[in-house]
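Reader: I am new to reading protein models. Could you walk me through how helices pack and where pockets lie?
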Amino acid sequence: KYPDHPRAEQAANLVLDTYQIVEDYEKLNEVARKFLSNRALTKNEEFKTILAKIVEQSSFKLIAKYEKAKQWEEAGKRYLGFADEFPKSELADKALANAAAMFTRASQLDRAIKVRTRLIENYKDSPLVPDQMFAVASAYEQIVLYKDAAAWLEKFNDKYAKDPGQKDRAKDALFNASIYRVGTGDTKTGVDASTWTPDYIT
């Protein structure tokens, strides 16, 4: 009401703290956005940064209610909306992964594949990338597009074959890709699964 008052920021903080304590993320998000749009309140860059963070984090938390209600498609849309609004957020990659998981639960595998691919391409350093690559391959397997599944497993092997934490998984990926290749008659690319032996078995 009085954004230019010397104690306006202090009062705003009290309002935010109240909603945060009772975990009313809807109201928290609402008032934080309102404060953030107020030029007088955001003269202090530190407070402006805090408000932006509250808006971001509360926006993410708000989506949980759709998951709890098993409204998978709506939850997926909301997570996707979060990633669109906050592309540089530390939660952006998680939002995309969650969106893909929700679309998968909603039996919208094509949509899930697109979202996972977006995560992989836009957040290359995310620790979620390895699981997302496998999930894309799995989705293609479920819709009987085995060549696409094989291609993604081969991409995984190319990317992680020399990664100490992923090398065994990369070998499994290559083996499974070879099975898909042979199964679809792509014998030039695939290897004979009956003669293939991983080099880590003694």
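Predicted model: local features only at pLDDT ≥ 70, side-chain atom pairs only at ≥ 80, totals over all residues.

Reader: Which residues in α6 and α7 meet?

Author: From α6 come Asp-93, Leu-96, Ala-97, Ala-99, Ala-100, Ala-101, Phe-103 and Thr-104; in α7 they meet Leu-109, Arg-111, Ala-112, Val-115, Arg-116, Arg-118 and Leu-119. Sorted by class, the residues of this contact of α6 with α7 are 10 nonpolar, 1 polar and 4 charged.

Reader: Let me try another pair. At roughly what angle do the axes of helix α8 and helix α9 cross?

Author: For helix α8 (residues 129-142) and helix α9 (residues 146-160), the angle is roughly 160 degrees, and the axes come within 7 Å. That makes α8 roughly antiparallel to α9. Their crossing is left-handed. On the α8 side, the contact is made by Val-129, Pro-130, Met-133, Phe-134, Val-136, Ala-137, Tyr-140 and Glu-141. The α9 side brings Tyr-146, Asp-148, Ala-149, Trp-152, Leu-153, Lys-155, Phe-156, Lys-159 and Tyr-160. In the contact of α8 with α9, 13 residues are nonpolar, none are polar and 4 are charged.

Reader: And what about α1 and α3, roughly parallel or roughly antiparallel?

Author: Look at the angle again: the axes of helix α1 (residues 8-21) and α3 cross at roughly 20 degrees and come within 12 Å. Angles under 35 degrees count as roughly parallel, so α1 is roughly parallel to α3. As α1 passes α3, the crossing is left-handed. Glu-9, Ala-12, Asn-13 and Leu-16 of α1 make the contact with Phe-47, Leu-51 and Ile-54 of α3. By class, the contact of α1 with α3 holds 5 nonpolar, 1 polar and 1 charged residues.

Reader: Now for the pockets. How much space lies in the second largest pocket?

Author: Rolling a probe the size of a water molecule over the atoms shows where empty space is left. In this model, the second largest pocket holds about 200 Å³ of space. Its lining includes Glu-26, Arg-33, Ser-59, Tyr-66, Phe-82 and Glu-85. Two or more lining residues come from each of α2 (25-36), α3 (45-62), α4 (64-68) and α5 (72-85).

Reader: Which element gives the most to that lining?

Author: That is α5, with 4 residues. The lining of the second largest pocket divides into 4 nonpolar, 2 polar and 5 charged residues.

How values were computed. Residues numbered from 1 in each chain as written. Heavy atoms only, no water. Contact = heavy atoms within 4.5 Å. Nonpolar A, V, L, I, M, F, W, Y, C, P; charged D, E, K, R; others polar. 1 Å grid on protein atoms, 1.4 Å probe; cavity = no way out; pocket = protein on both sides within 12 Å on 5 of 7 lines; lining within 4 Å. Points joined across faces, edges and corners; volume = space filled by probe spheres on them. Axes fitted to C-alpha atoms, helices over the stretch in contact; angles between N-to-C directions. Parallel < 35°, antiparallel > 145°, perpendicular 65-115°, else oblique. Left-handed = near helix turned anticlockwise from the far one by under 90°.
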